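Subject: Structure handover

Hello,

Here is the structure for you to look through. My notes on what was found in it follow below.

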Amino acid sequence: MKFLWIDTETGGLDPTVHSLLSLALVVTEPSGDQVSTEIFFRHPNYTVDPEALAVNHIDLVRHHAHACEPAHAASLIAAFLGRHFPGDEKIQLAGHNVGFDIAFLGVFLRQHFPAIYARFSHRVMDTMPLALALQEAGLLPAGSLGLSALLEHYGIRLEPTLRHTALGDAKATEQLYRCMIADLRTAPL
């Protein structure tokens, strides 16, 4: 199955209030090649929680200088999807706690390019419930199932400057998924 791995960085936790700041799109082609892009969103006025900016290491002045206007950002998303998911087949989104990312992406796309949002399947691959299932089966130790803890468990190294960036987290989540699937394939029945 071909997934579109996504991750967002946002100005807070509420997609109806806080600004979507960046979106990563990552796809692994059947050849095994990974293709990705990161899109930064410009807003006339940003609604952000300072704590969220601190966690994500986002400086709004620098962000604004290289971010895209909404129409351009939507066209970049459409172009990426067109290249890697041609036709009208539904695209299956994937990520870690991906419902959060889908909520922010949905608010943006419904406002700026509803036809793109309609391309997404209602089915998603989320590594969080997969991790919970692995933990319940005794294949993961008890403890946190946050992305940082899971990356550490599987020995997936992510440079500190890439952690809490949309692109760094999306690529790491795709790698995490492959490690989890390998665990499932080798688990005794």
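Asparagine 97 sits in the loop between β4 (91-95) and α4. This is a predicted model, and in it the phi of asparagine 97 is near 55°, a positive value in a residue other than glycine. Most residues other than glycine have a negative phi. With a relative accessible area of 39%, asparagine 97 is partly exposed, since that class covers the range between 20% and 50%.

Histidine 164 also has a positive phi, about 65°, although it is not a glycine. The loop that holds histidine 164 runs between α7 (147-153) and α8. Its relative accessible area is 27%, so histidine 164 counts as partly exposed.

The pocket

Histidine 164 comes up again in the largest pocket, where it is among the residues that lie nearest the centre, together with Glu9, Leu13, Asn56 and Phe100. The lining consists of 20 residues, and the space in the pocket is about 490 Å³. Which elements give two or more residues to this lining? They are β1 (3-10), α1 (50-56) and α4 (98-112). Sorted by class, the lining has 5 nonpolar, 8 polar and 7 charged residues.

Threonine 165 lies in the loop between α7 and α8. The C-alpha atoms of threonine 165 and asparagine 56 are separated by 6.6 Å, with the two residues 109 apart along the chain. Once neighbours within four places in sequence are set aside, the contacts of threonine 165 are Asp7, Glu9 and Glu38.

The strands

How many residues of β4 are buried? The count is 5 of 5, so β4 is largely enclosed by the rest of the structure. In a regular strand the side chains alternate between the two faces of the sheet. In β4, Ile91, Leu93 and Gly95 point one way, while Gln92 and Ala94 point the other way, and all are buried.

On one pairing, β4 is joined to β1 by 3 bridges, and the two strands run parallel. Leucine 4 is opposite leucine 93 of β4. β4 also pairs with β5 (120-126) in the parallel sense, over 4 bridges. There the bridge partner of leucine 93 is valine 124.

β1 pairs with β2 (20-28) as well, in the antiparallel sense and over 7 bridges. In that pairing, leucine 4 has valine 27 of β2 as its bridge partner. Of the 9 residues of β2, 8 are buried, so β2 is largely enclosed by the rest of the structure.

From β2 the next pairing is with β3 (34-40), which runs antiparallel to β2 and is joined to it by 7 bridges. Threonine 28 stands opposite glutamine 34 in β3. β2 and β3 form a hairpin with 5 residues between them, and glycine 32 in the turn has a positive phi of about 100°.

Glutamate 29 is found in the loop between β2 and β3. Is glutamate 29 buried or exposed? Its relative accessibility is 19%, so glutamate 29 counts as buried, the cut-off being under 20%. Not counting residues up to four places away in sequence, glutamate 29 touches Lys2, Val35 and His84. Glutamate 29 and threonine 165 are 22 Å apart, C-alpha to C-alpha, and 136 residues apart in sequence.

The helices

α4 has 15 residues and reaches 21 Å from its first C-alpha to its last, close to the 21 Å expected at 1.5 Å a residue. Its buried residues are Val98, Asp101, Ile102, Phe104, Leu105, Gly106, Phe108 and Leu109. What do the buried residues of α4 pack against? Their partners are β1, β2, α3 (70-84), β4, α5 (114-117) and β5.

Helix α8 (residues 166-186) has 21 residues. From first C-alpha to last, α8 reaches 31 Å, close to the 30 Å expected at 1.5 Å a residue. Among the buried residues of α8 are Ala166, Gly168, Asp169, Leu176, Tyr177, Met180 and Ile181. Glu174 of α8 is buried too.

Regards

Definitions and conventions
Residues are numbered from 1 along each chain as its sequence is written. This is a predicted model: local features need pLDDT of at least 70, side-chain atom pairs count only at pLDDT 80 or more; totals for chains, interfaces and linings use all residues. Side-chain values use heavy atoms; hydrogens and water are left out. On a 1 Å grid over the protein atoms alone, a cavity is a set of points where a 1.4 Å probe fits but cannot get out, and a pocket is an open set with protein on both sides within 12 Å along at least five of seven lines; lining residues have an atom within 4 Å of a point. Grid points are joined across faces, edges and corners, and a volume is the space filled by probe spheres set on the points. Ala, Val, Leu, Ile, Met, Phe, Trp, Tyr, Cys and Pro count as nonpolar, Asp, Glu, Lys and Arg as charged, and the others, Gly among them, as polar. The expected span of a helix is 1.5 Å times one less than its number of residues. Buried means under 20% relative accessible area, exposed over 50%, partly exposed in between (1.4 Å probe, protein chains only). Contact means heavy atoms within 4.5 Å. Two strands pair if DSSP finds at least two bridges between them.
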